[in-house]
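I opened this entry to keep a record of what I looked up in the model, topic by topic. The notes begin with strand pairing and go on to the core, the pocket and a few single residues.

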Amino acid sequence: MLTRINHIGIAVKSIEETLPFYRDQLGMALVGCEEVAEQKVKVAMLRIGDSKIELLEPTSDDSPVAKFLEKSGPGIHHVAYETEDVQAAIAHLVGEGARMIDTVPRSGAHGARIAFIHPKSSNGVLTELCQPGH
Ligand code: CMX
């Protein structure tokens, strides 16, 4: 059902201030930056081998990522697992009794279709299902 870790989301106060660490010190290639307006975040994707690091910066005070930063400070926000069929993965998880935040996929960065599993069903780790866009 899941094929690999597509990306790890990291909440940051400022992409501009964080980027030099990942791009220049760790040497990851910047794939692109994008605003996901619906989720009130700006994202920067960096490639690391077959996977990615996604820096998440809130675009407003009521952004869910702003709330996360307030509560927990900067750090790992979510783990995203790749699937070829997010709708089928949701159906499987619901069938297994998992509590979903999204039972209908929403739009993620770079044209992906995504769905979040509720952290209460995933041992406190916000878990994303991610079907890449083409
Ligand atoms: N880690 C652990 N727990 C988290 C969490 C996180 N990162 N984010 C939220 N939670 C917890 C909340 O504390 C809350 O717990 P309680 O029910 O105990 O209070 C619960 O999960 C539900 O959170 P909520 O914010 O009240 O619920 P919403 O349905 O409003 O939103 C979510 C849930 C995860 C979608 C939202 O908090 C969020 O993080 N949105 C941003 C998503 C994102 O990263 N988008 C970027 C682009 C996506 C991509 O392409 O990867």
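**Strand 2 and strand 3.** I began with strand 2 (residues 29-36) and strand 3 (residues 41-48), which run antiparallel and are joined by seven bridges. For my own reference, helices (H or I, at least four residues) and strands (E, at least two) are DSSP runs numbered from the N terminus, and two strands pair if DSSP finds at least two bridges between them. This is a predicted model, in which local features need pLDDT of at least 70 and side-chain atom pairs count only at pLDDT 80 or more, while totals for chains, interfaces and linings use all residues. Residues are numbered from 1 along each chain as its sequence is written, and side-chain values use heavy atoms, with hydrogens and water left out.

I noted that Val-36 has Val-41 in strand 3 as its bridge partner. The hairpin of these two strands has four residues between the strands, and Lys-40 there takes a positive phi near 55 degrees.

I then traced the open sheet, which has eight strands in the order 2-3-4-1-5-8-7-6 with mixed pairing. Its edge strands are strand 2 and strand 6 (106-107), each of which pairs on one side only.

**Strand 4 and its neighbours.** Strand 3 and strand 4 pair in the antiparallel sense over eight bridges, and Met-45 stands opposite Glu-54 in strand 4. The hairpin of strand 3 and strand 4 has two residues between the strands, and Gly-49 in that hairpin takes a positive phi near 60 degrees. Strand 1 and strand 4, by contrast, run parallel and are joined by five bridges, with Leu-55 in strand 4 as the bridge partner of Ile-10.

How many residues of strand 4 are buried? I found eight of its eight residues buried, where buried means under 20% relative accessible area, exposed over 50%, and partly exposed in between (1.4 Å probe, protein chains only). In a regular strand the side chains alternate between the two faces of the sheet. In strand 4, Ser-51, Ile-53, Leu-55 and Glu-57 point one way, and Lys-52, Glu-54, Leu-56 and Pro-58 point the other way.

**The largest nonpolar core.** I next listed the ten residues of this core, which are Ile-10, Val-12, Ile-15, Leu-19, Tyr-22, Met-28, Ala-44, Leu-46, Ile-53 and Leu-55. A nonpolar core is a set of buried Ala, Val, Leu, Ile, Met, Phe, Trp, Tyr and Cys residues joined through side-chain atoms within 4.5 Å. Helix 1 (15-25), strand 3 and strand 4 are the elements that give two or more residues to this core, and helix 1 gives the most, with three residues.

Leaving aside neighbours within four places in sequence, Ala-44 is in contact with residues including Ile-15, Leu-30, Ile-53 and Leu-55. Met-28 lies in the loop between helix 1 and strand 2 and is buried, with a relative accessible area of 12%. With residues up to four places away in sequence not counted, Met-28 touches Tyr-22, Arg-23, Leu-46, Arg-47, Ile-48 and Ile-53.

**The largest pocket.** I recorded 37 lining residues for the largest pocket, of which Leu-56, His-77, His-78, Phe-116 and Leu-126 lie nearest its centre. Helix 2 supplies the largest share of the lining, six residues.

**Positive phi and loop residues.** Most residues other than glycine have a negative phi. I therefore noted His-110, a residue other than glycine whose phi is near 55 degrees and positive, in the loop between strand 6 and strand 7, where it counts as partly exposed at 37% relative accessibility. Lys-40, in the loop between strand 2 and strand 3, is also partly exposed, with a relative accessible area of 31%. Glu-84 lies in the loop between strand 5 (75-82) and helix 3 (86-95), and Glu-84 is exposed, with a relative accessible area of 69%. The C-alpha atoms of Glu-84 and Ser-51, 33 residues apart along the chain, are separated by 15 Å.

**Note on the pocket term.** On a 1 Å grid over the protein atoms alone, a cavity is a set of points where a 1.4 Å probe fits but cannot get out, and a pocket is an open set with protein on both sides within 12 Å along at least five of seven lines, its lining residues having an atom within 4 Å of a point.

Methods: Contact means heavy atoms within 4.5 Å.
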